[in-house]
Amino acid sequence: MNDNELALVLAGPILRRIERKQVTIWFATSQAVSISLKLYPEQQSAIELTQTQLADSLCSIVAGEKLYYHLLDIKLPRTLPLETWIGYDLKLYLAQQTQALSWQDWAPDLVYPPRKLPGFKVPQQINRLFHGSCRKPHFASADGLVMADRYLAEHPHAQWPSLLMMSGDQIYADDVATPMLVAIHQLIEQLAIAEESFTAAQIQNSQQLHQQQAHYMARQQLLPVEQQQGGVAKALFGGVKKPIFTSDSAQNHLISLAEVLAMYLLVWSPSVWKNIDLTPPEALKPEQLAHYQQQREVITRFAAGLTQVQRILAHLPSAMMFDDHDITDDWNLSAAWEQSAYSHAFSKRIIGNALCGYLLCQAWGNNPQQFSANMLNDLQAALQQPGSEAHLSLIDQLLSFADWHYQWKTQPPLIVLDTRTHRWRSERKLSAPSGLMDWQALTDLQQQLLGLDAVIMVSPAPIFGVKLIEAIQRLFTWLGKPLLVDAENWMAHPGSANALLNLFRHPNTPRHFVILSGDVHYSFAYRIELRGQNAGPDIWQITSSGIKNQFPSRLLDWLDRANRWLYSPGSPLNWFTKRRRMKIIPHRPEQAARGERLLNASGIGLVSLNADGSPSTVTQLVDKGRSIAFELEEQAAHWE
């Protein structure tokens with residue numbers, strides 16, 4: 001292969017939903033391919049599936065002259081064994097060629113020695129899992145997915161986690177390093193993605209955006225803004241116009257559909273970096289150039305770890321769910337935000353493009369049956385002519401789509417909540433934070449939970465958060481500025497908060513809840529008990545964030561200690577919270593200072609479960625091979 005030639009496999013293979021009779025694999029290529037697949041369960045005969053047999057199980061979508069997305073979703077002819085290593089040999093065939101290309105040809109470092117093939121296991125019960133969120137490529141820390149790969153390399157497969165749960169912010173569409181945007185534009189040109197036309201914008205098409213007027217570190221000049229506010233808000237905050245896209249780091253906000261698709265490839269795959277040149281753009285000012293050089297060093301280290309990221313994603317089934325940064329900061333935070341964002345054609349397009357990317361690169365593999373053939377045909381039509389009526393129609397369809405949430409039939413069941421598109425809008429004030437789920441969605445959730453003994457429930461934002469931080473968010477909401485502090489938490493909206501808390505009190509609710517969350521850029525472990533009930537459910541809130549991001553250290557240290565002081569067990573402030581009928585037991589990270597309960601370290605969460613579905617260990621894998629466990633036997637109580 002010529003050094004300047006695109007790799008055949010641009011990303012993947014990524015294992016998605018895996019069951020005893022179903023295997024789902026996502027990957028992207030630079031050419032059209034057909035495939036064959038052999039599965040090799042240990043001590044059993046192989047399952048061989050030919051190109052012809054897989055023709056109806058492989059769905060391919062063309063996104064550019066040299067960009068093809070594929071989802072293999074196959075119902076197997078034979079049931080796979082439980083808790084057994086199952087090697088798989090995915091072979092690719094190019095058009096007019098009979099010779100097969102195996103993993104050695106397109107990903108020579110894909111396997112864990114001494115294995116000869118990549119593989120997976122189907123768990124009888126989830127006894128371990130990885131989870132985390134918030135993976136920002138240019139944050140100056142190690143990558144939690146690399147740490148997870150190191151764990152697999154050092155442990156026998158019998159000790160591997162059953163799955164990897166990524167609960168939001170798999171990309172940062174609203175916070176992009178300039179070297180990453182430079183790489184995105186080079187990759188778009190290599191993939192020959194079709195030009196996208198824009199309306200109600202300062203630019204006419206994506207060619208201007210990608211090549212002629214990239215607006216590096218200045219894209220806020222292109223983004224729509226809200227009207228200037230007056231009155232008290234103007235006096236307090238200076239009345240500065242605020243973009244609809246509210247990220248403080250929107251200088252390189254992704255805009256075109258091609259930019260979104262290219263970023264997904266660049267955060268998951270080592271092969272697409274091969275022909276990327278990160279020489280700084282000529283238009284940068286001196287202070288911007290210095291910042292570029294710093295970011296380039298971090299991005300270069302990030303790209304160097306992607307071989308390991310590719311390897312773990314090829315071995316562990318990965319469940320995914322969006323949060324705001326996958327689309328844009330503060331996505332659907334309030335009814336006022338929604339009105340501003342969706343009433344402007346250009347901002348609606350930017351949001352819709354990110355949602356198209358989420359469908360294609362994440363949601364499609366979570367539960368393929370949720371996405372009809374008609375929807376996928378509409379997606380294909382939009383990709384053929386970005387900016388066309390077909391594209392705009394698809395965005396309308398995705399913005400009203402009601403089934404982003406899903407459930408995996410594991411033991412315990414994995415129930416993943418959509419806390420972004422089923423918002424309970426404030427009836428009091430348009431600018432007040434919306435509830436994270438509306439009454440109908442919470443009612444449907446309760447029906448899902450009835451009769452279950454245990455459940456792993458994924459809420460991208462913590463259900464039980466840090467009370468002092470929530471109090472600060474309430475203060476800014478009262479001042480009319482919820483967007484300044486990301487005032488979106490489960491307790492911010494009375495209706496959704498009360499409906500959710502009542503759900504835990506239902507007599508037929510599961511006996512064991514493990515709630516996995518991210519979003520906040522720090523990690524913690526809480527046990528929750530219902531006050532006044534002798535036999536309430538065993539509830540755990542386990543938050544792991546970020547995979548590659550952290551909270552400002554000094555600020556978090558102050559908030560952590562102040563929270564413990566202000567909301568100590570005897571504090572009357574507890575009676576002003578919505579969780580006053582619950583007892584919250586925060587567990588201390590190992591070797592933490594007295595009073596510290598929040599862990600501020602990039603990495604990946606590792607949770608081990610008992611047979612009844614309750615957690616036995618909660619650990620954060622962090623840099624340099626270290627692991628920090630939470631002391632789950634701690635008895636310090638915290639009343640709310």
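Mentor: Residues are numbered from 1 along each chain as its sequence is written, and side-chain values use heavy atoms, with hydrogens and water left out. In this predicted model, local features need pLDDT of at least 70 and side-chain atom pairs count only at pLDDT 80 or more, while totals for chains, interfaces and linings use all residues.

Trainee: How many helices and strands does the secondary structure of the chain come to?

Mentor: Helices (H or I, at least four residues) and strands (E, at least two) are DSSP runs, numbered from the N terminus. Counted in this way, the chain comes to 17 helices and 22 strands.

Trainee: What percentage of the residues in the chain is buried?

Mentor: Buried means under 20% relative accessible area, exposed means over 50%, and partly exposed lies in between (1.4 Å probe, protein chains only). Of the 640 residues in the chain, the buried share is 61%.

Trainee: Is helix α3 largely enclosed or open, and which residues of α3 are buried?

Mentor: Helix α3 spans residues 144–154, and eight of its 11 residues are buried, so the helix is largely enclosed by the rest of the structure. At its start, a side-chain oxygen of D143 reaches to within 3.0 Å of the backbone nitrogen of L145. The buried residues are G144, L145, V146, M147, A148, D149, Y151 and L152.

Trainee: What covers the buried residues of α3?

Mentor: Contact here means heavy atoms within 4.5 Å. The cover includes α9, β9 (128–132), β10 (164–166), β19 (604–609) and β20 (615–621).

Trainee: Which residue in β8 stands opposite I86?

Mentor: Strand β7 (residues 86–94) pairs with β8 in the antiparallel sense over two bridges. Opposite I86 stands F120.

Trainee: At what angle do helices α7 and α9 pack?

Mentor: Axes are lines fitted to C-alpha atoms, for helices over the stretch in contact, and angles run from 0 to 180 degrees between N-to-C directions. Angles under 35 degrees count as roughly parallel, over 145 as roughly antiparallel, 65 to 115 as roughly perpendicular and the rest as oblique. The axes of α7 (residues 257–268) and α9 (residues 306–313) are 8 Å apart, and the helices pack at an angle of about 95°. That makes α7, relative to α9, roughly perpendicular.

Trainee: Is R420 buried or exposed, and which residue does its side chain join in a polar contact?

Mentor: R420 is located in the loop between β13 (414–416) and α14 (439–449), and it counts as buried at 3% relative accessibility. A polar contact is a pair of N or O atoms within 3.5 Å; within protein, one must be able to donate a hydrogen and the other to accept it, and residues adjacent in sequence count only if both atoms are side-chain atoms. At 2.9 Å, the side chain of R420 has such a contact with that of D323.

Trainee: What is the phi of D169?

Mentor: Most residues other than glycine have a negative phi, and most peptide bonds are trans. D169 lies in the loop between β10 and α4 and is buried, with a relative accessible area of 0%. Although D169 is not a glycine, its phi is positive, at about 60°.

Definitions and conventions. Two strands pair if DSSP finds at least two bridges between them.
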